[in-house]
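Welcome! Take a moment with the structure below, and then let us walk through it together, one region at a time.

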Amino acid sequence: MFFIIFKVLRRIESFIFNVFSKWATWVIFKGNKVRFKTYSSTGAPYVMVARGGEMSIGNSFTMNNGIHGNPIGCYDKCTFFIDNGAELRIGKNVGMSQGAIICHHKITIGDNVKIGGGAKIYDTDFHALDPIIRASKEDILHKAKAEVQIKNNAFIGAFSIILKGVIIGENSIVGAGSVVAKSIPDNQIWAGNPAKFIREV
């Protein structure tokens with residue numbers, strides 16, 4: 001009997017949480033001038049679009065923030081940071097859980113892309129490679145940046161990291177926990193640190 005009562009209460013809690021999530025996400029998107037269409041969100045993301053930055057999201061975007069929506073052991077919110085003059089474009093029917101997309105230049109994500117729990121996409125090194133510059137106040141002015149593209153139907157496994165300048169090919173799969181430092185052709189599976197070719201899809 002207690003089990004049934006518990007499950008009913010959980011469903012009521014989940015309904016209220018999802019309604020709150022939808023409206024909180026709407027406010028966050030609008031407050032950051034994000035261009036978006038239809039979406040669903042479990043929990044609310046962290047979004048920071050700098051002045052001069054642009055973020056757009058296509059139809060049927062789905063997002064899980066925290067463990068409530070996707071219990072795989074990752075408690076983070078989805079994080080979107082778009083720097084001044086940077087551009088993040090997300091296509092149609094994209095889903096992501098507890099991931100981070102940090103855009104200092106340009107990141108393009110195609111249609112029907114799945115971004116697994118805790119995955120991270122960076123188009124910058126954040127800091128200069130020269131140790132003398134890195135130790136100075138000029139560090140962030142000398143960070144390397146390069147466009148990232150994730151093409152249609154790609155699947156980024158949980159806890160993977162996609163680094164600057166990488167292109168993930170159409171239909172390609174990145175195995176969980178991979179660090180991707182070079183581009184992946186269409187229709188291939190790569191995994192590891194650094195990620196290497198495993199086989200054709």
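Predicted model: local features only at pLDDT ≥ 70, side-chain atom pairs only at ≥ 80, totals over all residues.

## The parallel sheet

Two strands count as paired if DSSP finds at least two bridges between them.

β2 and β5 run parallel and are joined by four bridges. Tyrosine 46 stands opposite threonine 79 in β5, while valine 47 stands opposite phenylalanine 80 in β5. β5 also pairs with β8 in the parallel sense, over four bridges, and here isoleucine 82 stands opposite cysteine 103 in β8. The two faces of β5 can be told apart: Phe80 and Ile82 make up the covered face, and Thr79 and Phe81 the uncovered one.

## The mixed sheet

A further open sheet has eight strands, in the order β1-β4-β7-β10-β13-β16-β18-β19, and its pairing is mixed. The edge strands here are β1 (39-42) and β19 (195-200); each has a single partner strand, so one side of each is left without a neighbour in the sheet.

Strand β18 (residues 188-192) meets β19 in the antiparallel sense, over five bridges. Tryptophan 190 has phenylalanine 197 in β19 as its bridge partner.

## The nonpolar core

In soluble globular proteins, nonpolar side chains tend to be buried together. In this model, the largest nonpolar core has 38 residues. Those with the most contacts inside this core are Met55, Phe80, Ile101, Ile109, Ile115 and Ile168. Several elements give two or more residues to the core, among them β2 (46-49), β3 (54-57), β5 (79-82), β8 (100-103) and β12 (148-150).

Not counting residues up to four places away in sequence, phenylalanine 80 touches Pro45, Tyr46, Val47, Met48, Met55, Phe61, Met63, Leu88, Ile90, Met96 and Ile101.

Which residues does the side chain of asparagine 65 reach? Asparagine 65 lies in the loop between β4 and β5. Asparagine 65 counts as buried because its relative accessible area is 5%, and the cut-off for buried is under 20%. Its side chain reaches the backbone oxygen of glycine 43 at 3.0 Å. A polar atom of that side chain also lies 2.8 Å from the backbone nitrogen of cysteine 78. Leaving aside neighbours within four places in sequence, the contacts of asparagine 65 are Ser41, Thr42, Gly43, Ala44, Pro45, Asp76, Lys77 and Cys78. Asparagine 65 and glycine 118 are 53 residues apart along the chain, and their C-alpha atoms are separated by 9.9 Å.

Threonine 25 has its place in helix α1 (residues 2-31). Threonine 25 is buried too, with a relative accessible area of 0%. The side chain of threonine 25 makes a polar contact of 3.3 Å with the side chain of serine 41. Its contacts beyond four places in sequence are Tyr39, Ser41, Gly43, Ala44, Pro45 and Met63.

## A cluster of rings

A pair of aromatic rings is described by the distance of the centres and the angle of the planes. How many aromatic pairs does a search of the whole structure find? The search finds six. In one of them, the rings of phenylalanine 29 and phenylalanine 36 have centres 5.1 Å apart and planes at 50 degrees, so this pair is tilted. In another, the rings of phenylalanine 36 and tyrosine 39 have centres 5.6 Å apart and planes at 80 degrees, so this pair is edge-to-face.

Ring pairs link Phe29, Phe36 and Tyr39 into a cluster. Phenylalanine 29 and phenylalanine 36 are both buried, and tyrosine 39 is buried with a relative accessible area of 9%.

Key
Residues numbered from 1 in each chain as written. Heavy atoms only, no water. Core = buried A, V, L, I, M, F, W, Y, C linked by side-chain atoms within 4.5 Å. Buried < 20%, exposed > 50% of the residue type's maximum accessible area, 1.4 Å probe, protein only. Contact = heavy atoms within 4.5 Å. Polar contact = N/O pair within 3.5 Å; in protein donor to acceptor, adjacent residues only side chain to side chain. Phe/Tyr/Trp six-rings, centres within 6.5 Å; stacked < 30°, edge-to-face > 60°.
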